[in-house]
Amino acid sequence: MVTVEITSVSLLLGCVLGLLVGIGRLNSARRWVYGLCTAYVAAIRGTPLLVQLFILFFGLPQFGILLPAFVCGVIGLGIYSGAYVSEIVRGAIQSIDKGQMEAARSIGLSSGQAMRSVILPQAVVRMIPPLGNEFIALIKNSALVSLLTIHDLMHEGQKIISVSYRSLEVYLAIAVMYFVLTGLTTLALRKIELRLRVGGMVQ
């Protein structure tokens, strides 16, 4: 299903981007990194997702950059999600007791090693619930890519409506499908969080 594919790839892109930006916003020593990451978050969170998708799909061709609709959708959703994931990452890392970093440094670990081996493993568990909410929001936001002619769930539903003229029934069916997708996602994330906690990754 195109909706699942575009959401999954976008979430992966958003998580990678969000992790880098989230850590970048914690690095106050390099002012330009902090400023760039902060500007990115402010710009993406301060503008509508639909406008961002249209800039990629309709705006870039004016500069000779032609991207397939699917790629525009993935990049647009990924960049949008990354801004919100970065705040989740930043909040989770800041919630870890500062003594953890000090203890790691005292046994000879560098800042990077302490972050990878001590801080992030604990922060990951705390990220799961808000990341789950972000994933669910991304599934629902993916309906906007139908405006880029991507044959996702919403686009296919509109094609059926154009032939059958049964708008109510089709939109209700689409709503049920999205509800099932978000419900399954919620259950899967709860199981992942439980396993991480049972595994002792967090105190």
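## Salt bridges and a kinked helix

Lys-159 is partly exposed, with a relative accessible area of 38%. In this predicted model, Lys-159 takes part in a salt bridge with Glu-156, and the closest N and O atoms of the pair are 3.7 Å apart. Both residues belong to helix α7 (residues 153-164), where they are 3 residues apart, or about one turn of the helix. Glu-156 also counts as partly exposed, at 30% relative accessibility.

A search of the whole structure finds 5 salt bridges, including those listed here.

| Salt bridge | N to O distance |
|---|---|
| Lys-159 and Glu-156 | 3.7 Å |
| Glu-87 and Arg-45 | 3.7 Å |
| Arg-90 and Glu-87 | 2.9 Å |

Glu-87 forms a salt bridge with Arg-45. Because Glu-87 lies in helix α4 (residues 69-94) and Arg-45 in helix α2 (residues 31-45), the pair ties together parts that are 42 residues apart in sequence. Glu-87 also meets Arg-90 in a salt bridge, and these two residues both lie in helix α4, 3 residues apart, which is about one turn of the helix. Arg-45 counts as partly exposed at 41% relative accessibility, and Arg-90 is likewise partly exposed, with a relative accessible area of 22%. Together with Arg-25, the residues Arg-45, Glu-87 and Arg-90 are linked in a network of salt bridges.

Another feature concerns helix α6 (residues 111-141), which has 31 residues but whose end C-alpha atoms are only 37 Å apart, short of the 45 Å that a straight helix would reach at 1.5 Å a residue. Within α6, a kink of about 45° lies at Leu-120, shortly before the proline Pro-121.

Notes:
Residues numbered from 1 in each chain as written. Predicted model: local features only at pLDDT ≥ 70, side-chain atom pairs only at ≥ 80, totals over all residues. Heavy atoms only, no water. Helix = DSSP H or I, 4+ residues; strand = E, 2+ residues; numbered from the N terminus. Expected span 1.5 Å × (residues − 1). Bend = angle between axes of the 7 residues up to and from the residue. Salt bridge = Lys/Arg side-chain N within 4 Å of Asp/Glu carboxyl O. Buried < 20%, exposed > 50% of the residue type's maximum accessible area, 1.4 Å probe, protein only.
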